[in-house]
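Have a look at the view below, then follow the points in order.

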Amino acid sequence: MTADATPALVEERQTAAGPRVRKRSAYPRYLAGKVAGAAVSLLAVLVTSFFLFRLIPGDPVKTMTGGRQVSAEQLAAYREEFGLDLPLWRQFTDYCGKALTGDFGTSYQFRTPVVDKITEALPNTLLLTGTAFVLYTALGIFLGTRSAWRRGGLGDRVNTGLALTLYSIPSFWLGLLLIIVLSVGIGPLPGLFPTGGMESGGEEGFAYVLDVAHHLVLPVVTLVAVEYGQTLLVTRSALLDEMGSDYLTTARAKGLRDDLVRRRHAVPNALLPTVTLIFINLGRTVAGVILVETVFSWPGLGGLFYQALSVPDLPLVQGLFFVFAAAVILMNTLADLVYPLLDPRVAR
Amino acid sequence: MTTSTGTAPSPRALARQRRRASVARFWRRYRAERAGLYGLAVLVLCALLALFAPVFVGSDVSSVTEAPGRPMQSPSAEFPLGTDQFGRDLLGLVIWGSRVSLLVGLLAAVLSVAIGTLIGVTAGHFKGWYATVMMRVTDWFLVMPTLVLAIALVTVMSRSLTTIVVAIGVTTWPTTARLVRAQTLAVETRPYIERAKALGGGHWHIMSRHVLPNVMPLVLAQTTLIISSAILAEATLAFLGLGDPTVVSWGGLLQDAREAGAVSAGDWWYLVPPGIAIAVVALAFTLCGRAVESVLNPRLGVSR
């Protein structure tokens, strides 16, 4: 990432030996391997999402009609409408074929295509998750670096302690408490933020943006609070691993300021393992998003998942299951693809 | 090795003696970890409270029909934490709830670590296609959103504590499998494994007698860390209404509170205690796990 004297020397020697040619040819193969792996994972998710939800005891059509008295003809009609009258293997091939074109069937409770519900909610989730992800990653890396650099000091102890505590707090509980304290208001304290939802309605233009931002504050704070601890701890231990290294002693011996040694030499190297772990931990973030959206009635995928679960609305649960898993697999693959660009040793 | 009796001790006695010495060494190093000691103290306290809960509160504490108070009372001398929407004593419910939360957390973690250890050791010992397939499966589980998978499993099975234990257990094992496999690979390169093979030791003998004792410390640390996430997962599932509705647990209490409208009414006393209980126990297990980890691998230096 940064050019400094020592690695440049090493690089020169390697170029002379000729591995540079090999490196160029290694990346496409590495890339193909990772993409193929992701494709296999996605396929596995597809198969799992189909068979898992067929294991449910009971008749989905009965669930759909909610215990009302329905004639046998009507039940048969429902079965045909949702393709439940076909043999299991036909249902599976139909499901895979349709899923590949983005068709996940019709939601039992909303009577609209699952895809429509998902595309409707997706931007809201992306807004919430994206904002929180950027904030908690930045905060985690920043505090983790500080903590490791002054290891054992008061700042480190406070930082690590706070991170561990917040990490142990259930996200939904923190959300509920924030709603009580900051939205409903305790005693003389007035409610400062809306209790839920994404907009108050009736706003347009810039006022609308402000309104959404106002609604966004508490969910984002909750997510950041429960998620940044992990990034902090990962960054901290990655940097601690680097801190005994010889190249840092060399950098200091050159007379570089402490601050420069940290920013230019130690942190870029420590960030390498951190990047992988941040993306692996995205699975945990999905859990956080589901809970936070449920608690704050945020109209996103997580809230939709909760609604679908309470019915249970199988096609919707199935579709969302696929979307969540696919998103995490996609992000992990992306991290795998970017990683060799940060650390050329990987693709060799 | 140095016995004053003069006669050579039997190998078995020698092994026992060594094990005792290593446990003592472990405890001595663990005592130096202050955060780990606090965690351990809290855990002992919670375990005692959960074990002797029937002494403090009767088993009728969760009975809706024989509730002692009026609904939704704020904390008072009679009910230190107030009452819920049925007039049940919240302090009693929180204490009673610890039994389920701790039990589910423990069992789920044990199941998870058992699966992880089994897969990790076998994948490290048998190389070739078995290891490849197993690690592929592990990687797949590793990137799956754990909670989503657990939710899916709970939806599919009937609502019971067993379901929750199984759902958490079969979704959280991959990290353990990864760690144990790495350790197994490291152990298997040691000369005494080669010696055991040369003397005719089979796969089972090598895995159970040589590899397993060496990965056990790691497994112990991992169990402690996983219990804390299992407790959180149990609370989460219960909060989403996927728990067993007939038992009292901390997550279930929070769900009750939300459904009873405690949030919009600003009844903070209903929400605070179960959440604090979850956080304290989860934190205590995390602190213990990190202390064990840093005793076993001082280079990590996580807790200093």
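**Notes for a first look**

1. In an unreviewed entry, UniProt lists residues 30–56, 121–143, 164–186, 206–226, 270–296 and 316–342 of chain A under "transmembrane region". Please keep in mind that the model you are looking at is predicted.

2. Two of those spans can be set against the coordinates. Residues 164–186 of chain A are 87% helix and 0% strand, and their end C-alpha atoms lie 27 Å apart. For residues 270–296 of chain A the figures are 93% helix and 0% strand, with 36 Å between the end C-alpha atoms.

3. Next, see how the chains meet. On one side there are 36 residues of chain B, in contact with 40 residues of chain A. Helix 5 (129–143), helix 6 (146–156), helix 10 (203–239), helix 11 (250–259) and helix 12 (268–296) of chain B each give two or more residues to the side of chain B that touches chain A. The largest share of that side, eight residues, is supplied by helix 12 of chain B. By type, the residues on the chain B side are 24 nonpolar, 10 polar and two charged.

4. Now for the nonpolar core. The largest one has 149 residues, and the members that touch the most others are Leu320(A), Ala150(B) and Ile278(B). Helix 10 of chain B gives the most to this core, with 17 residues.

5. Is Cys288(B) buried or exposed? Cys288(B) counts as buried because it has 26 C-beta neighbours inside 10 Å. Beyond its neighbours within four places in sequence, Cys288(B) is in contact with Gly36(B), Gly39(B), Leu40(B), Leu43(B) and Thr224(B). Of these, Leu43(B) is 245 residues from Cys288(B) in sequence, yet their C-alpha atoms are 9.1 Å apart in space.

6. Within chain B, helix 4 (residues 90–125) and helix 8 (residues 174–188) pack with their axes 7 Å apart, at an angle of about 35°. The crossing of helix 4 of chain B with helix 8 of chain B is right-handed. Among the residues that make the contact are Gly116(B), Gly120(B) and Gly124(B) of helix 4 of chain B, and Ala177(B), Val180(B) and Thr184(B) of helix 8 of chain B. The contact residues of these helices divide into eight nonpolar, eight polar and two charged.

7. Finally, please check two backbone angles in chain A. Most residues other than glycine have a negative phi. Arg111(A), which is not a glycine, has a positive phi of about 60°. Arg111(A) sits in the loop between helix 5 (88–100) and helix 6 (114–149) of chain A, and is exposed, with 9 other C-beta atoms within 10 Å. Ser297(A) also has a positive phi, near 45°. Ser297(A) belongs to the loop between helix 12 (282–295) and helix 13 (301–310) of chain A. With 16 other C-beta atoms within 10 Å, Ser297(A) is partly exposed.

Conventions:
Residues are numbered from 1 along each chain as its sequence is written. Chains are lettered from A and ligands numbered from 1 in the order in which they are written. This is a predicted model: local features need pLDDT of at least 70, side-chain atom pairs count only at pLDDT 80 or more; totals for chains, interfaces and linings use all residues. Two residues are in contact if their C-beta atoms, placed from the backbone, lie within 7 Å. Helices (H or I, at least four residues) and strands (E, at least two) are DSSP runs, numbered from the N terminus. Ala, Val, Leu, Ile, Met, Phe, Trp, Tyr, Cys and Pro count as nonpolar, Asp, Glu, Lys and Arg as charged, and the others, Gly among them, as polar. Axes are lines fitted to C-alpha atoms, for helices over the stretch in contact, and angles run from 0 to 180 degrees between N-to-C directions. A crossing is left-handed if the near helix is turned anticlockwise from the far one by less than a right angle, and right-handed if clockwise. A nonpolar core is a set of buried Ala, Val, Leu, Ile, Met, Phe, Trp, Tyr and Cys residues joined through C-beta atoms within 7 Å. A residue is buried if 20 or more other C-beta atoms lie within 10 Å of its own, exposed if 12 or fewer, and partly exposed in between; C-beta atoms are placed from the backbone. UniProt positions are given in the numbering used here, feature names are shortened, and annotations may be inferred rather than shown by experiment.
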